[in-house]
Amino acid sequence: MPEGAAGAAPWPVSLRRGDSAVRVVVVHPDLLGTYGDGGNGLILARRLQWRGLPVELIQAMSGSPVPGSGDVYCLGGGEDAAQHRAAAELADGNPLGQAVDNGAAVLAVCAGFQVLGHRYPSADGQERDGLGLLDIDTRKGTGRRPVGELVVTPSPGLGLPQLTGYENHGGLTTLGPGARPLGRVDAGIGNGGGDGSEGAVVGRVIGTYMHGPVLARNPALADLILSSVVGKLDPLDDSEADSLRAERLQAVTIPRRNGRWRWTDRLTSRR
Amino acid sequence: MGRASRLAGRGGGGVIGGRVTLLVDPDALARLAAGRRSVLISGTNGKTTTTRLLAAALATAGPTATNSGGANLPYGLVAALSSAPPGGLAALEVDEAYLGQVAEAVRPEVVCLLNLSRDQLDRINEVRMLAGRWRQVLEGASGEAAAGGPVVVANADDPMVVWAASGAARVVWVGAGLSWRLDATGCPRCEGRIQFTDTAWSCGDCGFARPDADVSVDEIALTDRSGRRHPFTLSLPGQCNRSNAAMAAAAASLLGGDEARALTAMEPVADVTGRYGVVRVGGVPARMLLSKNPAGWMEIFDFLRPAPAPVVVAINSRIADGRDPSWLWDVPFERLADRQVVATGERCRDMAVRLRYAEVDHVMVEDAVAAVAEAHRLGDRSASVDVVANYTAFQGLRRLAVDA
């Protein structure tokens with residue numbers, strides 16, 4: 001497809017593929033790509049490539065079946081109508097569910113995260129069926145839309161440093177007993193279900209409200225996902241990402257240390 | 001708060017006057033617009049340039065009020081109209097979220113709709129919602145007015161704009177092009193999928209399709225509604241500005257002007273509120289370019305100095321820029337390969353990480369003046385440095401610049 005043509009990926013990347021190439025699939029970037037989340041797929045692919053591992057980055061546009069043979073799937077944020085269309089296409093034949101059963105990892109952000117649950121809301125609050133890959137439920141929020149920086153302490157056991165992202169969503173998500181949170185909210189709203197949680201993890205399926213894109217700001221999360229597919233990874237030079245992380249974390253926490261609304265804000269997000 | 005801050009970065013003292021006027025007289029905009037023949041210009045990209053080009057064209061016919069500084073909220077419009085004599089013509093840029101409110105007060109003869117794409121997603125959540133609101137405004141206006149409401153000059157290549165404009169009683173379609181299509185892949189009428197070819201688009205589900213263009217533009221000429229070709233050469237660079245000129249010429253002709261004369265008046269415009277102009281930043285000649293979203297960047301790539309000329313990219317994330325710069329990942333910065341990029345601005349770290357994954361050589365220089373000096377040092381020192389900045393980064397650099 002020529003560059004700039006309808007639905008063409010905005011990042012023209014061609015990565016060499018060997019026989020054992022890791023397949024990173026960006027799911028419906030033409031529908032679920034509103035907040036730069038397509039970057040997550042590029043980041044995963046580059047981090048393999050820089051380590052000398054063969055990789056294939058696949059932009060799976062809507063309208064054709066999503067390949068079931070991927071190793072990592074990335075879903076991003078999107079507008080209401082686009083989310084609905086993506087969910088309907090993914091329900092047909094359930095390629096994601098099959099890939100997960102075969103051991104694939106999934107990173108789903110915002111609208112993509114919601115679609116992986118049991119139910120998610122349309123813009124007018126109507127309930128729609130999700131794919132059921134995560135034991136979560138999302139309903140339409142009633143208060144102000146959570147928009148802003150999000151800082152999260154990851155759940156113990158993930159072995160991750162503090163996470164940083166930018167949230168912008170209308171839905172509020174509650175976790176069922178079959179899902180654990182990606183982490184606890186230090187600043188921002190996160191899932192917004194009242195328990196102070198952010199995101200969800202079930203097996204190799206990770207959901208989050210963090211844009212940014214999340215893997216640009218959190219390379220350790222990228223490597224956690226990749227190592228679940230290819231095993232132990234050599235370190236990379238992440239000094240630029242570390243500098244970005246430090247600046248973002250400081251931009252959020254320092255004003256709050258002096259801000260008089262800090263404690264009430266924390267109480268509401270943790271109640 | 002957001003509006004005030006957004007505005008504070010945009011206008012001069014006249015805008016403060018506009019705010020005061022509106023506080024005292026909430027109907028000031030309607031009162032000041034009464035008796036004028038007005039054109040409103042809105043869209044995500046190209047508003048300020050199109051308004052500047054249209055004002056140049058209209059000025060050949062008579063006194064023309066315009067908010068040439070880009071102050072495009074109601075108070076900015078009040079300021080622009082207060083400083084012009086009553087009557088006459090007006091070319092007014094309007095923020096895309098305020099089009100309904102402004103159209104109701106101003107009662108324009110012509111509304112120009114350029115394009116709609118992702119921009120400031122923390123403020124305007126959905127492109128599609130905005131298109132729907134525009135459509136309602138135009139349906140309402142054409143229903144009420146005895147004369148059928150404003151004539152809409154609309155970009156036939158943008159499905160979101162076509163959906164909005166189809167609410168109007170009368171539309172002049174301009175083939176103005178669309179360099180960024182990822183916000184228009186979902187059909188605004190039925191939620192089906194829009195398919196694009198090089199010259200057309202249509203929805204595979206409901207048949208909603210590109211209307212035939214009444215006016216078109218290519219590298220050489222504008223073709224008007226009667227099929228006559230008018231060759232023109234702009235001082236402004238890029239095909240996007242030729243499209244902006246075509247939109248402006250179509251609007252000017254609806255007010256009784258003639259396309260050829262309008263285009264001639266637009267040709268010498270070389271600087272639009274500091275954009276495209278060469279200034280000196282810390283003693284270094286710099287060509288100042290504004291780009292604040294993926295669609296804008298697609299146009300910038302079109303006329304950036306070719307590699308290996310270094311380029312400075314300045315990114316802020318204040319309210320007027322949108323707080324979330326994750327749109328940097330929607331821009332194919334891979335196209336900047338084979339040159340050095342100097343990342344600067346308050347969010348230079350986001351840009352540096354983006355460039356790392358794009359595998360584009362770069363350095364990060366937080367101070368904008370030092371960044372321009374660094375690009376000058378890295379490149380051919382005889383040439384001016386291209387500086388591409390988003391909104392407040394651009395304003396900040398302009399304040400530090402002196403005329404070349």
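Residues are numbered from 1 along each chain as its sequence is written, and chains are lettered from A and ligands numbered from 1 in the order in which they are written. Because the model is predicted, local features are reported at pLDDT of at least 70 and side-chain atom pairs count only at pLDDT 80 or more, whereas totals for chains, interfaces and linings use all residues.

Chain A contains eight helices and 14 strands, where helices (H or I, at least four residues) and strands (E, at least two) are DSSP runs numbered from the N terminus. Of its 271 residues, 54% count as buried, a residue being buried if 20 or more other C-beta atoms lie within 10 Å of its own, exposed if 12 or fewer, and partly exposed in between, with C-beta atoms placed from the backbone. Among contacts in chain A between residues at least 6 apart in sequence, 71% join residues at least 24 apart; here two residues are in contact if their C-beta atoms, placed from the backbone, lie within 7 Å.

Between the chains, 35 residues of chain A are in contact with 31 residues of chain B. On the chain A side, two or more residues are given by each of α1 (39–49), α2 (80–91), β9 (163–168) and α7 (239–258) of chain A, and the largest share, five residues, comes from α7(A). By class, this side of chain A has 16 nonpolar, 13 polar and six charged residues, with Ala, Val, Leu, Ile, Met, Phe, Trp, Tyr, Cys and Pro counted as nonpolar, Asp, Glu, Lys and Arg as charged, and the others, Gly among them, as polar.

Several backbone features lie in loops. Most residues other than glycine have a negative phi, and most peptide bonds are trans. B:R107, in the loop between α6 and β4 of chain B, has a positive phi of about 50° although it is not a glycine; B:R107 is partly exposed, with 19 other C-beta atoms within 10 Å. B:E359, in the loop between α12 (348–358) and β16 (362–364) of chain B, likewise has a positive phi, of about 55°, without being a glycine, and counts as partly exposed with 14 C-beta neighbours inside 10 Å. The peptide bond from A:G212 to A:P213 is cis, with omega near -10°, and A:P213 lies in the loop between β14 (205–208) and α5 (214–217) of chain A. In chain B, the bond from B:A307 to B:P308 is cis, with omega near 10°, and B:P308 is placed in the loop between α11 (294–303) and β14 (311–314) of chain B.

Chain B is divided into domain 1 (2–266) and domain 2 (278–403), with bounds that come from an automatic or database domain assignment. The centres of these domains of chain B, taken over C-alpha atoms, are separated by 28 Å, and 20 residues of domain 1 are in contact with 17 residues of domain 2. On the domain 1 side, α1 (2–8) and α9 of chain B each supply at least two residues, and α1(B) gives the most, with three residues. By class, this side of domain 1 of chain B has four nonpolar, 11 polar and five charged residues. Helix α9 (residues 239–254) of chain B has 16 residues, of which 15 are buried, and is followed by B:G256, whose phi is positive, near 100°.
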